Amino acid sequence: MTQHIILHVGFPKTGTTAIQRTLADFPDTFAPHGIVYPKAGQARLAKRMRGHHNLAYELYDPAKFNPTGGSWEDLATEVAASDAPNIVLSSEAFRGHLAMVTAAKLRKLFPKHRRSIVMYIRTQWVYVESGYNQLDRFGATDESMAGFYQSTGRKIADYREIVETWQQAAHDCEVVCLPFASEAKKMGIVEHFCHNLLGVDIEMEEMQQANHKIGLKGLSAIYYCRDEYRKVAKDPKANLPSSAIMQLSRMSRKNDDVYNYTFLTPELVKSIYDDSVETNRWLAKAFPQFDTAEFLEPPSTSKATPVETWPTLTSEETEPLRAVIRAALAETREQRLRKATADAAAAEALEDEDGGSVAMD
């Protein structure tokens with residue numbers, strides 16, 4: 001039996017987390033169908049993280065690599081001990097710049113295996129909006145949607161460059177692109193993945209949990225707190241701790257707010273579509289499942305209200321936010337204190353070691 005190694009490299013915002021969490025958390029459901037999601041390489045640094053990010057970190061970011069999370073050699077050992085015909089790896093951290101080194105690693109460790117590279121792709125205008133909204137909900141951008149598209153969105157939506165990079169790097173692998181569109185959403189991303197990549201039909205409840213959309217006042221609260229936090233911290237580039245973002249998100253859901261909005265104006269949607277036509281025609285020729293109206297025809301106008309910015313908060317609305325800012329500053333000070341203490345202890349241990357060595361001489 002020739003084992004099949006499937007490396008799922010994203011894209012982000014295409015149900016990637018749902019695929020990772022479902023395969024990792026329910027191994028007994030997939031094992032009878034010959035599907036194994038290896039433990040080696042999973043970066044369980046947070047409750048929701050189940051991707052094989054540790055394998056990517058080993059290749060390009062030693063500071064993030066955690067040896068206890070499993071290495072490529074550990075993965076090879078685990079695969080060799082398995083008789084499962086399908087081995088699935090998944091991490092969006094492999095996307096793009098790691099194509100060459102990742103393909104070489106797969107080739108070296110699994111020379112006799114069938115190997116596939118898998119990407120899910122969504123329409124560029126939806127992908128750009130989703131990426132911008134993700135930054136917005138963390139207070140991590142000062143750009144407008146149009147500015148974000150020009151500076152970042154145009155590049156991240158250049159699917160052809162990324163796909164062709166993988167095709168060239170993994171020339172001895174099958175490169176598969178699938179649309180994250182209506183069919184995948186209706187079927188469920190995990191079932192769609194198993195059906196199209198593995199030829200297996202599995203019915204199960206979807207594990208994907210969409211991020212709660214932040215209302216306009218919620219966004220105002222996040223950016224207000226971020227700006228005040230930066231002033232007190234005297235750091236113009238600092239962002240709020242994730243705990244503060246979560247608290248603000250919970251607070252915003254308790255208030256009356258505007259949720260049916262979009263930062264994509266009709267003019268910007270048309271601009272992104274016009275920029276994407278050639279790429280999507282190429283996709284449709286290279287991968288027949290993209291030969292659909294969703295990718296090739298102009299998108300319909302959104303029913304959400306286009307907005308350019310979020311509202312200014314009143315003094316009454318900002319008053320309860322002061323406690324969030326104080327808590328964020330306290331958390332930051334505590335983190336810095338812990339780091340300083342750890343650094344001092346490490347320096348003292350090194351000094352003692354050097355001193356002992358000198359004394360022995």
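The mean positions of the 42 positive and 49 negative charges of the chain lie 3 Å apart, with Lys and Arg counted as positive, Asp and Glu as negative, and His and the chain ends not counted. Each charge is placed at NZ of Lys, CZ of Arg, CG of Asp or CD of Glu. This is a predicted model, in which local features need pLDDT of at least 70 and side-chain atom pairs count only at pLDDT 80 or more, while totals for chains, interfaces and linings use all residues. Residues are numbered from 1 along each chain as its sequence is written, and side-chain values use heavy atoms, with hydrogens and water left out.

Turning to the overall fold, the chain has 16 helices and 7 strands (DSSP runs, H or I of at least four residues for helices and E of at least two for strands, numbered from the N terminus). Its C-alpha atoms fill a box of roughly 80 × 65 × 35 Å along the principal axes. Of the 361 residues, 46% are buried, meaning under 20% relative accessible area with a 1.4 Å probe and protein chains only. Among contacts (heavy atoms within 4.5 Å) between residues at least 6 apart in sequence, 77% join residues at least 24 apart.

The interior can be followed through its nonpolar cores, which are sets of buried Ala, Val, Leu, Ile, Met, Phe, Trp, Tyr and Cys residues joined through side-chain atoms within 4.5 Å. In the largest, of 41 residues, Phe94, Ile117, Met119, Ile121 and Trp166 touch the most other members. Helix α8 (residues 159–169) gives this core its largest share, 5 residues. Beyond its neighbours within four places in sequence, Ile117 is in contact with several residues, including Leu7, Val9, Leu106, Trp166 and Val176. Another core, of 36 residues, lies apart from the largest one and has Met145, Ile222, Ile245 and Val307 among its members.

Rings of Phe, Tyr and Trp (its six-membered ring) pair if their centres lie within 6.5 Å; planes under 30 degrees apart count as stacked, over 60 as edge-to-face and the rest as tilted. By this rule there are 14 aromatic pairs. Tyr223 and Trp310 are stacked, at 4.6 Å centre to centre and 25° between the planes. This pair links distant parts of the chain, with Tyr223 in helix α11 (residues 216–233) and Trp310, 87 residues away, in the loop between β7 (305–306) and α15 (315–318). Tyr223 is buried, with a relative accessible area of 5%. Tyr261 and Phe263 pair edge-to-face, at 5.5 Å and 70°, and both residues are buried. Ring pairs join Tyr132, Phe148, Tyr223, Tyr261, Phe263 and Trp310 into a cluster.

How values were computed
Buried < 20%, exposed > 50% of the residue type's maximum accessible area, 1.4 Å probe, protein only.
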